[in-house]
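Visitor: Please take me through one part of this structure in close detail. Then show me how that part sits in the whole.

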Amino acid sequence: MEIALEMKNITKEFPGVKALDKVSFHVKKGEVHALCGENGAGKSTLMKVLSGVYPTGTYEGEILIKGDHKHFHKIKDAEHSGVAIIYQELALVKEMTVAENLFLGNEHEKYGIMNWERVYQETELWLKEVGLKGVKPDTITGTLGIGQQQLIEIAKALSKNAKILILDEPTAALTEQEVNILLQILRDFKKRGVACIYISHKLNEVFDIADTVTILRDGQTIASFPVSELNEDKVISLMVGREIKERFPRVEPKLGDIVLSVKNYVVYDSDNSYRKIIDDVSFHVRKGEILGIAGLMGAGRTELVMSLFGAYPGRRSGIVEINNKKVTIKDTEDAINKGIALVSEDRKKFGLVLNMSIQNNVTLASLGKVSTLGIINENKEIQHAKSYLDSLKIKANSIETIVGTLSGGNQQKAVLGKWLMTNPKILILDEPTRGIDVGAKFEIYNLINKLIMQGVAIIMISSELPEVLGMSHRILVLNEGKIAGEFDQYEANQENIMLAATGGV
């Protein structure tokens, strides 16, 4: 099979850090080639070299496309050579139409006048190509679901005549059905000779779609294998440099009293005050317990916990008790004061201030502990931040490191540090391991176990069923805003959870 791309001895350095150290790999025409590695292994840096984000001269090594040496001075150069990249964070303008987004930066115009007829005709063809037959070119992009937006990103890449398509964590926010659609599209691309580079922490997807797997660790190429010669345990071992015998290190709880009790709870849509998002839900969670919440996207999981944390704008009714005392939670500050903490599913939007340091982020929700009369005591702030940097094993040069420069796993640890500093009685984790690697997941699971041993009550939402099953002591399943099932750790399995989540009996 013809080699579409070769990257040879790519070395990329940042001040004080060698991000890539003589990395080499190649991708064949019509192949899906998976890149696996922990956060910080160098995957995204390597793809930024390939896509022209890091131009020629800022790195060492060679890029060859169909045997020809390439020197990309900007992103456009890579696109003209058939390279297109789709990032985990979608790069669409939500206020623009689908057609405008599809040809943004690649406009069909002459003398400054757009040829809208051609734009709309071609948009319809590309939407059909990626299975979005029901979406119209003049649809406002922000009104579409995340899965549909992801497919628009793929259509945009293909409209640039992409021969090498890079997908960086493309399914992080997709439902299972949307993932299946995406994987089928990639199978069709393979038949047409498109070379795909697939970056994902979801190893089940890697084994479903990839032909070849290359593993990076600490900026170096560790190995490349046909997927038929690998299994998940071997990939994990190569990624982290050690064997992880137990993916989900669940511990038996020492259950205490009921900490949180929710009775007949109703949450109304913030945009439609008559529509119930959560409908008459009742549940409790005890000290030292992990209560998992499962359900399909749109079931109301995030709205439920955001509302309990005082962060959802829709009106609500029902009874909430903490330690057997009825409480009213007015806002997030009130929730924090009552001992509730929420690690949001979107750490970059709701969990962190990306241009601030680890030090400033960790203390952000507990400024009262490091200040007097509104003036921050920097020595106290440094002391607290250093303690969490060490105890959570955040990989950074210092507490002054800007959070936005950290890997996903280390950003998540910084978010956890911020909320642990509030000494919560109830810790809500909404997709706590989304977009982070296996090694970092394992560390976060161990941290969760330490917290329950200290008596913290944990509510954990996860779209990954193995994670819910592997870590929870009890699981609630939501379907269309109602509790459709409740299972203890011994009776729960993927079949009965999915049956409840889809409204089955």
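Guide: Start at the hairpin of E1 and E2, where 2 residues lie between the strands and Gly-16 takes a positive phi near 80°. Strands here are DSSP runs of E with at least two residues, helices are runs of H or I with at least four residues, and both are numbered from the N terminus. This is a predicted model: local features need pLDDT of at least 70, side-chain atom pairs count only at pLDDT 80 or more, and totals for chains, interfaces and linings use all residues. Residues are numbered from 1 along each chain as its sequence is written, and side-chain values use heavy atoms, with hydrogens and water left out.

Now follow the two strands. E1 covers residues 3–14 and E2 covers residues 17–28. They run antiparallel, joined by 8 bridges. Two strands pair if DSSP finds at least two bridges between them. Within this pairing, Ile-10 stands opposite Val-23 in E2.

Step back to the protein chain. Its secondary structure comes to 17 helices and 24 strands. The C-alpha atoms fill a box of roughly 70 × 50 × 50 Å, taken along the principal axes. Buried residues make up 52% of the 505 residues; buried means under 20% relative accessible area with a 1.4 Å probe, counting protein chains only.

Contacts tell of the fold too. Among those with a separation of 6 or more, 66% join residues 24 or more positions apart. A contact means heavy atoms within 4.5 Å.

Key: Buried < 20%, exposed > 50% of the residue type's maximum accessible area, 1.4 Å probe, protein only.
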